Amino acid sequence: MSYTHEVFAIQDVYSHHAQVRMDSRGITEEVIDLVLKFGREIRAKGAIFYVLGKREIQKFQVINPILQALEGVQVVTSAQDGTIITVYRNKNLSQIKKCK
């Protein structure tokens, strides 16, 4: 489990589904960049989940106070090519079954 990641390059690839979900859930590209930068990485279900939980917020809110408002935002990317598959808010991380 790691905590800081380089923000994806400007040519981030958002699936059509991710774009629809971003619009309907009010999650902006800037929010996604923050989650990719400060979020916890969890490999599960053939994908990579980047999540901002309480632990990450406590650790990084001094660097970026806006993180407090982003608790529970999750970005799911393809493990193969990094395509952003979907984005949503869910503070319950237990639903993500980690790969061993």
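1. Val-76 lies opposite Thr-86 of strand 4. Strand 3 covers residues 73-78 and strand 4 covers residues 84-89; the two pair in the antiparallel sense over five bridges. Pairing here requires at least two DSSP bridges between the strands. In the hairpin that strand 3 and strand 4 form, five residues stand between the strands, and Gly-82 has a positive phi near 80 degrees.

2. The model is predicted: local features need pLDDT of at least 70, side-chain atom pairs count only at pLDDT 80 or more, and totals for chains, interfaces and linings use all residues. Residues are numbered from 1 along each chain as its sequence is written, and side-chain values use heavy atoms, with hydrogens and water left out.

3. The protein chain has three helices and four strands, in the order α-α-β-β-α-β-β along the sequence. Both element types are DSSP runs numbered from the N terminus: helices are H or I of at least four residues, strands are E of at least two.

4. Val-73 belongs to strand 3. Val-73 is buried, at a relative accessible area of 0% (buried is under 20%, with a 1.4 Å probe and protein chains only). Beyond four places in sequence, Val-73 touches residues including Val-31, Val-35, Tyr-50 and Tyr-88, a contact being heavy atoms within 4.5 Å. The C-alpha atom of Val-73 is 8.0 Å from that of Gly-53, 20 residues away along the chain.

5. Of the 100 residues in the protein chain, 44% are buried. Among contacts with a separation of 6 or more, 58% join residues 24 or more positions apart.

Conventions
Buried means under 20% relative accessible area, exposed over 50%, partly exposed in between (1.4 Å probe, protein chains only).
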